[in-house]
Amino acid sequence: MNYTSGIFPSRIVCLTEETTETLYLLEEDWRIVGISGFTVRPPRARREKPKVSAFTSAKVDRIRELEPDLVLGFSDLQADIASDLVRHGLNVHIFNHRDITGIFGMISILGGMIGCEAKAAQLCARLAENLEGIRASAAQFSVRPRVYFEEWDEPMISGIRWVSELIGVAGGDDCFDDHSRQSLAKNRIVADPLEVVRRAPDIILGSWCGKKFRPASVAARAGWEHVPAVANAQLHEIKSSIILQPGPAALTDGVTEIHQIFKAWQASRS
């Protein structure tokens, strides 16, 4: 008897977008039978795959009906969903990476889970090459901008680790790099808005977890008229879909858009 036939998952539910995008990039999307309702990358996924979850909730009965042999999720925020699915006898893997190295690890682990280690390694190589190209371009900057990345506005939450690292790759310095090392959002709350004033960012990047960033409301905060980014109208939105999901999007479109903003800032100073 061949005990090794069919050992790799062929019916996968992805509760977050980064694993969905990764499987599409690996050309293994045929394995996906359900996705998150927040998925926008790639656009065809929304047309092709049933939407079975939000971020902190899921249609458990619908997921069970799909008979997945693997459910993929992300972070402590999906722990309750995961435990519910496990109690119903499903195989669940929750990734919990928070930095660039972790993103590459997620891709490699996922490739191993489906028996596609070589394709995953090739994808990682392409993504790493893109990052190194941006890093080389940023090395030409005469001055690195100081950057405040805001992940949420009420309360103010600064950027997570992979965002801080990508700001560095793109040619800037995260004003709240110390906060970024905290994996939980509650530990990245900027309790005193005037702390941003004191750290004096040249550029403010906003990505409010799917809610539209409003530069005018940020600029109107008490005392913020003294922030260089506000005084020089350097407030920019980065869409959540390309920076706040810890997967290929952040390593491609997200970091590229940030780098372009930094390049424009450099040009404005000359």
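Reader: So how do strand S1 and S4 pair, in the parallel or the antiparallel sense?

Author: Strand S1 (residues 12-14) pairs with S4 in the parallel sense, over three bridges. Two strands count as paired if DSSP finds at least two bridges between them. Helices (H or I, at least four residues) and strands (E, at least two) are DSSP runs, numbered from the N terminus. Before we go on: this is a predicted model, where local features need pLDDT of at least 70, side-chain atom pairs count only at pLDDT 80 or more, and totals for chains, interfaces and linings use all residues. Residues are numbered from 1 along each chain as its sequence is written, and side-chain values use heavy atoms, with hydrogens and water left out.

Reader: Got it. Which residue stands opposite Leu72 in S4?

Author: That's Cys14. With strand S5 (residues 92-95), S4 runs parallel too, joined by four bridges, and there Gly73 stands opposite Ile94.

Reader: What do S4, helix H4 and S5 make together?

Author: They make a right-handed β-α-β unit, with H4 covering residues 79-87. Right-handed here means that, with the strands pointing away from the viewer, the path from the first strand over the helix to the second runs clockwise.

Reader: And how many of the residues of S4 are buried?

Author: Five of its five, residues 70-74. Buried means under 20% relative accessible area, exposed over 50%, and partly exposed in between (1.4 Å probe, protein chains only). Leu70, Leu72 and Phe74 point one way, while Val71 and Gly73 point the other way.

Reader: Switching to aromatics. How many pairs does a search of the whole structure find?

Author: Three. One of them is Trp208 with Phe213, edge-to-face at 5.0 Å centre to centre and 80 degrees between the planes. Rings of Phe, Tyr and Trp (its six-membered ring) pair if their centres lie within 6.5 Å; planes under 30 degrees apart count as stacked, over 60 as edge-to-face and the rest as tilted.

Reader: Is Trp208 buried or exposed?

Author: Trp208 is buried, at a relative accessible area of 0%, and Phe213 is buried as well, at 2%. Elsewhere, Tyr148, Phe176 and Trp224 form one aromatic cluster.

Reader: Which residue lies over the face of Trp224?

Author: Arg221, at 4.8 Å from the ring centre. Lys211 lies over the face of Trp152, at 4.1 Å. The cut-off is NZ of Lys or CZ of Arg within 6 Å of the ring centre and within 35 degrees of the ring normal.
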